[in-house]
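Here is a brief report on the structure shown below. It takes aromatic contacts first, then the sheet and its helices.

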Amino acid sequence: MMFMPKLQGKNVIVTGASSGIGQAIAICFAREGANVAINYRGGREQAEATAARMSACPETAKTGSRHFIVQADVSQEQDVKEMFRQTIAEFGGLDILINNAGIQKAAPSHEVEASDFDRVLGVNLRGPFLCSREAIRHFLSRPGGGVIVNNSSVHESIPKPQYLSYSISKGGMENLTRTLALEYADRGIRVNAVGPGAIATPINRAWIDDPKARGEVESHIPMGRAGTSEEIAAVFAFLASDEASYITGQTLYACGGLTLFPEFRGTWSS
Ligand code: NAD
């Protein structure tokens, strides 16, 4: 069958592309023909590993996809402005923003330090706001519109005790997605989100390599397993592509059934 790249020639920023889901998105988008700005905050070697994996894909060579590495802390306004300036200078424009960077910190809610709360909200919510604002300013400055896809979570709608700031950030992301989608729908700008369930990435280092802890996590997932970063990246590619040209303001959950109220697998309520 002929290979038809979904994102041929599109210019993209992927935030937090030096590990986990962001790295998989960057690689997937390059295979689909996009030019990718690989954003990282600290640890350039990991961003270089993303770039090396992109270059090693035979599809990337076929599509002629380009990439470059750009350092920025997404919670810092000047960093974000400079990242957009560099990306637009490098590629000549921007078509797609992927707000992927995110962090979490566990603590009983009555013991959360205000500085930790601010940091999580800063990266997970202020960051996507700052990046979306810069992207939309650019999208409006030339014809063609643009696309934003946010990395949300099942915790956009499912509460997560002991992760108060994370829950709040992902809950807030729902209205970031929906408000921007509504505000700019008539100007060719689509804004959507992906809501992953439990995915085997460094953010879940507490259980991914511990068979007992992992078994406990997976026992709660209707499909019986954690997801992979590649499975999530494929959903981002779909929402970023013209295949999703009539979809805006939505969160597409990719969670093995976690949002289906798994406790109701058996009939216990009546
Ligand atoms: P990860 O820890 O591998 O990736 C997070 C990335 O964000 C890292 O590359 C990190 O360097 C980057 N980052 C952190 N702070 C940053 C900042 N200030 N500026 C720029 N980059 C920054 O974990 P992941 O699972 O790949 O997480 C990616 C996204 O997926 C997050 O938004 C997370 O909330 C979301 N998510 C993950 C899961 C999961 O189970 N892994 C589930 C739902 C949602």
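Predicted model: local features only at pLDDT ≥ 70, side-chain atom pairs only at ≥ 80, totals over all residues.

Trp268, with a relative accessible area of 56%, is exposed. The two rings form a tilted pair.

The whole structure holds 3 aromatic pairs. Two of them are set out here.

| Pair | Distance between centres | Angle between planes | Geometry |
|---|---|---|---|
| Phe68 and Phe91 | 5.5 Å | 85° | edge-to-face |
| Phe264 and Trp268 | 4.8 Å | 35° | tilted |

Phe68 and Phe91 are both buried. Their pair links distant parts of the chain: Phe68 belongs to strand β3, and Phe91, 23 residues apart from it, belongs to helix α4 (residues 77-91).

Lysine also meets aromatic rings. Lys160 lies over the face of Tyr163, 4.0 Å from the ring centre. Lys160 lies over the face of Tyr166 too, at 5.1 Å from the ring centre.

Now the sheet. It is open and parallel, with 7 strands in the order β3-β2-β1-β4-β5-β6-β7. β3 (67-71) and β7 (251-254) are the edge strands; each has a single partner, so one side of each lacks a neighbour in the sheet. From one strand to the next, the twist averages 20°.

Strands β1 (residues 11-14) and β4 (residues 96-99) run parallel and are joined by 3 bridges. Val14 stands opposite Ile98 in β4.

Two helices pack here. Helix α1 (residues 20-31) lies across β1, β2, β4, β5 and β6, at about 170° to β1. Helix α8 (residues 229-240) touches β4, β5, β6 and β7, and its direction makes about 165° with that of β6.

How values were computed: Residues numbered from 1 in each chain as written. Heavy atoms only, no water. Pairing = 2+ DSSP bridges. Helix = DSSP H or I, 4+ residues; strand = E, 2+ residues; numbered from the N terminus. Axes fitted to C-alpha atoms, helices over the stretch in contact; angles between N-to-C directions. Contact = heavy atoms within 4.5 Å. Phe/Tyr/Trp six-rings, centres within 6.5 Å; stacked < 30°, edge-to-face > 60°. Buried < 20%, exposed > 50% of the residue type's maximum accessible area, 1.4 Å probe, protein only. Lys NZ or Arg CZ within 6 Å of the ring centre and 35° of its normal.
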